[in-house]
Amino acid sequence: MLSKKLEKILNTVQKPGRYTGGELNSVIKNRESVKIRYAFCFPDTYEIGMSHIGMKILYSLVNARSDTWCERVFAPWVDMEERMREAGLPLYALESGDAIAGFDIIGFTLQYELSYTNMLNMLDLAGLPVRSRDRKSLTPLVIAGGPCVCNAEPVCEFVDLFLPGEGEEVTNELIDLLIGYKEKGAGKSEFLRAAAEIEGVYVPSLYDVSYNGDGTVASVTPRGGAPEKVKKRVVRDLDKMFFPESFVVPSIEIVHDRTTAEIFRGCIRGCRFCQAGFIYRPIREKSPEVIDRQCRSICATSGYDEISLSSLSSSDYTRMEELLSLLIPWTDREKTNIALPSLRADNFKKELMDRLTGIRRSSLTFAPEAGTQRLRDAINKNLTEDEILSTARQAFAGGWTSVKLYFMIGLPTETDEDVLGIAGLAQKVVDEFYNNPDKPKGKSVNVSVSVASFVPKPFTPFQWEPQDSIEELLKKQELVRSSVKTRKISLSFHKTNTSRLEAVLARGDRRLADVIETAWRGGCRFDGWDDMFRFDIWEQAFSECSLSMDFYANRRRSFDETLPWEHTDYGIGRSFLERENKKARENAATPNCREKCAGCGANSLNGGECHALFKGLD
Amino acid sequence: MRSLRVWIKKEGRAKYISHLDMNRCFMRAVRRANLNLWYTEGFNPHPYLNFLTPLSLGQESEAEPLDIKVEGDMTDGEIQKRLSAVMPEGITITGVREPVCPASDIAAAEYDVLLEFSDDESASRFAGESRRIVASGVLTAEKQGKKGGRKTVKEVNVCDGILSFEASADGKEVHIKATLAAGNTSSLNSSLLLSALEAKTELSPEYVNIRRLRLLKADGTDFR
């Protein structure tokens with residue numbers, strides 16, 4: 001039952017269903033009979049957080065324990081925040097409606113850098129100090145995981161401990177440890193020292209960072225027995241990994257309102273700009289039988305009529321044919337769609353698409369990323385123009401009239417010729433449509449070109465590269481705009497300021513904590529939302545803290561520099577990244593991991609095993 | 001294929017599920033319940049579901065009719081049992097029966113409204129003034145609508161849609177029992193009536209709960 005205090009507010013905000021809980025399959029426990037209360041916080045709106053598969057997995061995993069109750073918390077939208085502050089209603093968990101300040105663990109998932117201010121705001125709304133050192137007692141313990149944790153430094157003043165890598169195993173170990181320390185009445189620092197001994201736990205307060213005169217990191221020194229390098233955790237066998245039998249089914253519409261089934265982790269491609277392509281290695285596949293069983297269970301308990309087979313590059317799954325032959329008979333019968341996002345243009349098979357009869361023909365998306373072959377080689381996007389065009393040809397022959405192309409500007413080694421190549425390639429796709437004798441009669445083609453700005457990220461071969469300045473990016477955007485000569489091509493650009501802040505936070509160090517807190521106090525939140533983003537407040541915060549965005553975004557790092565995140569170990573060797581960086585300068589591509597192992601080193605996390613070397617059925 | 005009318009009680013947290021989201025919820029619920037549904041025969045086949053009287057966001061209801069079409073010979077009792085097992089909190093299936101009346105028979109709806117004011121005096125003033133306003137037969141309000149995709153505002157006399165109205169104060173609370181026009185020909189949204197009364201009396205409650213009790217035919221008997 002909702003409190004009257006909350007109900008009074010709910011009648012005055014947009015989409016009150018975000019704040020009520022009570023959805024099907026949400027887990028209700030007796031608060032008296034559990035030892036640990038866990039608030040799983042997603043620092044964005046309900047609709048976005050509920051779409052995230054990691055949250056679904058960890059929610060069920062923690063709730064599978066009888067001694068712990070895991071509940072969900074999302075960032076209230078600004079209208080709700082205002083009303084909550086007016087009414088003195090602290091941030092609460094959706095299942096129980098209880099204020100999360102009284103919980104034992106407050107866990108955030110950091111999926112993108114632009115959600116950092118939301119984390120601070122949620123801690124504040126909970127009534128807690130945002131800085132770790134100002135929260136003296138053992139609980140609530142504030143922890144964080146997710147991809148951003150590969151460089152946790154900018155937010156490490158706010159969080160007590162981080163879980164780099166995959167949370168499926170380490171979460172339970174951490175809860176076990178906390179139960180013991182809570183029962184014996186231990187203090188926070190005592191607990192944190194013990195937690196640092198668990199593999200895959202990073203306790204930032206146990207590391208001293210010193211800086212050189214030029215602002216670069218001089219040294220990172222562990223204390224109190226904390227490891228020199230914190231190794232990210234990986235799950236060795238996805239088939240045996242915990243997977244929920246049911247998902248919480250939102251009562252209101254969310255962004256990805258469907259069953260999601262992960263088919264493999266990691267990526268064999270090694271595109272040099274792509275952080276996800278490196279930090280989720282090594283490659284581990286799930287068996288078709290296991291995926292099929294999990295899909296059946298989730299569909300039956302949720303009632304969803306769509307399954308999304310998810311991975312970083314779905315067509316690289318070696319056992320796709322086998323999987324589809326298991327899924328299609330029952331999904332056809334039950335009128336369930338199968339969606340296959342993240343297909344690559346080079347192995348997009350017509351036969352494959354033909355089998356997915358239920359697929360909705362809205363649009364097809366390809367990501368050439370760069371306009372010329374030279375630059376595609378430099379960024380290791382192993383995709384040729386012929387492959388792109390032949391895929392477009394197939395798609396047009398199959399009745400599609402709309403194609404989306406994703407590009408980036410500001411990539412390392414980029415020249416004006418590469419930028420002009422974007423419109424050139426898009427034009428060739430348009431021409432392909434009109435050259436097609438079977439083109440749908442009386443229909444026009446629409447090629448939408450989305451142009452993002454390159455953001456250099458940790459643990460990629462481009463981690464040392466400068467980002468283009470705003471002026472350079474705007475000039476390149478203009479160049480793209482002026483080179484498009486047809487209305488068949490529609491253009492959209494990412495905001496350059498947003499990309500700049502993302503670049504700063506992605507490769508930031510501990511000194512950014514002050515900036516983040518200042519920006520948040522100045523009113524920044526929901527920075528990832530264009531209509532909420534206040535770059536002026538961020539600029540002001542940098543100047544108040546006497547730090548420069550250029551230092552973080554636009555500076556080329558030398559290979560000799562100690563990077564702020566190098567005491568975390570994602571298995572990817574530095575020598576491999578340096579090698580790849582040099583190859584980029586030579587416009588030399590690296591074969592994908594299935595053709596030839598490039599020696600990234602990630603298999604060391606998994607006892608030497610990497611499924612990239614599986615010989616698939618194709 | 002046969003038609004069935006599912007009667008739904010919606011209360012508590014579930015009242016914040018909008019009409020469109022209710023459609024989506026039930027689309028999934030009927031799949032979870034594993035009913036043998038009749039599917040539409042379009043390019044994108046989907047089960048036939050029709051909520052006869054969309055309920056405003058934030059309102060509760062004792063009895064919402066939902067028409068569905070099923071195949072096979074599963075009993076109504078079995079269908080009710082299966083549906084009941086898969087509902088989110090706050091949604092209860094109170095009956096599954098063959099429809100008796102066509103949807104066009106719906107003429108009115110009975111409501112129970114609870115208002116809570118900041119003090120006793122506001123409550124008793126609101127109750128008294130509302131009774132007088134309704135008895136006068138004139139209370140204008142702006143009704144927002146859509147015509148050809150554009151938003152329109154027209155002025156209506158909400159009293160035209162009030163069939164009966166009682167309001168009584170009890171401490172800070174005001175209880176209203178009202179029967180309002182409903183259905184396709186003319187209908188009055190209870191929220192519109194309340195906001196018109198609030199505007200006229202210049203008194204606003206701190207808390208409102210609106211509950212639809214039942215649907216009526218023109219002759220005053222239950223819509224079934």
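What follows is a friendly conversation about rings, charges and domains in a predicted model.

Colleague: Let's begin with the aromatic residues. How many aromatic pairs does the structure hold over all chains?

Modeller: There are 21 aromatic pairs over all chains. Phe526(A) and Trp529(A) make one of them, with 6.1 Å from centre to centre and 90° between the planes.

Colleague: What makes Phe526(A) and Trp529(A) an edge-to-face pair?

Modeller: Two cut-offs decide that. Rings pair if their centres lie within 6.5 Å, and planes over 60 degrees apart count as edge-to-face. The centres of Phe526(A) and Trp529(A) are 6.1 Å apart and their planes stand at 90°, so the pair passes on both counts. Phe551(A) and Tyr552(A) also form an edge-to-face pair, at 4.9 Å and 85°.

Colleague: Which residues do ring pairs link into a cluster?

Modeller: Trp77(A), Phe526(A) and Trp529(A) are linked that way.

Colleague: Now to the domains. How is chain A divided?

Modeller: Domain 1 covers 4-231, and domain 2 is made of 259-511 + 547-612. Their C-alpha centres lie 30 Å apart. Domain 1 brings 32 residues to the contact and domain 2 brings 33.

Colleague: What area is buried between domain 1 and domain 2 of chain A?

Modeller: About 3000 Å², with carbon and sulfur atoms giving 56% of that. On the domain 1 side, Glu113(A), Leu114(A) and Cys150(A) lose the most area to domain 2, together 21% of what that side buries.

Colleague: Why is the meeting of Arg284(A) and Glu166(A) called a salt bridge?

Modeller: Their side chains come to 2.7 Å, N to O. The limit is 4 Å between a side-chain nitrogen of Lys or Arg and a carboxyl oxygen of Asp or Glu, so this pair qualifies. Across the interface of domain 1 and domain 2 of chain A, the rule finds five salt bridges, and 20 residue pairs are in polar contact between these domains.

Definitions and conventions: Residues numbered from 1 in each chain as written. Chains lettered and ligands numbered in written order. Predicted model: local features only at pLDDT ≥ 70, side-chain atom pairs only at ≥ 80, totals over all residues. Heavy atoms only, no water. Phe/Tyr/Trp six-rings, centres within 6.5 Å; stacked < 30°, edge-to-face > 60°. Domains from an automatic or database assignment. Contact = heavy atoms within 4.5 Å. Buried area = accessible area lost by both parts, 1.4 Å probe. Polar contact = N/O pair within 3.5 Å; in protein donor to acceptor, adjacent residues only side chain to side chain.
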